[in-house]
Amino acid sequence: MTAVDSRPLAVYTDIVDTDPRPGIDILERSGVATRVIGSADPEVIAREGAGAHALLLGYSPITVEILDALPDVKIVAAQSVGTDMIDVDACRERGIWVTNVAGVATQEVAGHALALTLALARGIVALDNDVRAGQWDGTTVPMRRLSNLTVGVVGLGRIGAAYASMVGPLVEGVVGYDPMGSADGVEQCTLDEVFERADVVSLHLPSTPETDGLVDARRLGLMKPGSMLVNVSRGSLIDEQAVLDALDSGRLAGAGLDVLAEEPPNPDHRLIRHARTVVTPHAAYISEATMDAYVEVQARNVALVLTGDDPTHVVLEGTRGRTNR
């Protein structure tokens, strides 16, 4: 007769970039059974996640249909700061916790935004490509003096504030917009004023109905000719066709992008082939320090809920699983 496993079950959906084994070890040591599906397909998750009390995801969408198919889920744990792939309203209706890993990769993402800023301002990638093609000429791309630049930061949370503190000593000034807060060394402006005044605009916002399409043709038209755009947040923040038009017209001298609306992109996507873009594969958060930390924080959030405690990185407070009071 086969023994029935009475432990709560934590299910990993898709695995993106990281090794789940440290997280699995944390969960198993906490008395939680684990299962790895390895898929972002909603139908597969609903079918193979049967009996799940927790879902741990990379970027797989967690829809109302999945939650209806898995009625015992107490927590949905993201392995990112953004939770736009999760139907948070549906979780709220069901008393399900939603957690993220906020703060784990602040230095990495802010540093990546700084690296993209410097690469654009100094033409690093374009000049490297020229040299590799046999051209030894430093005048082929426009290059800017950093101390003459005004940098605009849209979103002054942990990452935006960290980026501002990194770039501030290098440039003439930093202006910023965030209706929810401020940051040291940043002159607060309206959103349109940031686009009007900045030579470089760096985006540090979550994807929400209010922020999707924020950088559109009108706002790009406010920017000085030859300005630069950096996005390490979410691809949905920008109107990609409007950015392409601004690059083609010279309104934008360059765009540094770690995120796109569709990932991975079509190999023929114009933004990844444009001569004035620097594109990285949603890698801003990655370092030797974060690869384990993302997995461990995600798993600890789940272990806490499934053993009756509150998690540490709360996006949405739940009611299911609360027993230790």
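Strand β10, helix α10 and strand β11 make a right-handed β-α-β unit. This is a predicted model. Find the three pieces in order: β10 covers residues 227-231, α10 covers residues 240-249, and β11 covers residues 252-257.

Now look at how the strands pair. β10 and β11 run parallel, and 5 bridges join them.

Look for G256, whose bridge partner in β12 is V278.

How many of the residues of β11 are buried? The count is 5 of 6, so the strand is mostly covered, where buried means under 20% relative accessible area.

Move on to the aromatic rings. The structure holds 1 aromatic pair. Y285 and Y294 form this pair. A pair of aromatic rings is described by the distance of the centres and the angle of the planes. For Y285 and Y294, the distance is 5.1 Å centre to centre. The angle between the planes is 20 degrees. The pair counts as stacked because that angle is under 30 degrees.

Are these two tyrosines buried or exposed? Y285 has 7% relative accessibility, so it counts as buried. Y294 is buried as well, because its relative accessible area is 4%.

Terms used. Residues are numbered from 1 along each chain as its sequence is written. This is a predicted model: local features need pLDDT of at least 70, side-chain atom pairs count only at pLDDT 80 or more; totals for chains, interfaces and linings use all residues. Side-chain values use heavy atoms; hydrogens and water are left out. Rings of Phe, Tyr and Trp (its six-membered ring) pair if their centres lie within 6.5 Å; planes under 30 degrees apart count as stacked, over 60 as edge-to-face and the rest as tilted. Buried means under 20% relative accessible area, exposed over 50%, partly exposed in between (1.4 Å probe, protein chains only). Helices (H or I, at least four residues) and strands (E, at least two) are DSSP runs, numbered from the N terminus. Two strands pair if DSSP finds at least two bridges between them. A crossover is right-handed if, with the strands pointing away from the viewer, the path from the first strand over the helix to the second runs clockwise.
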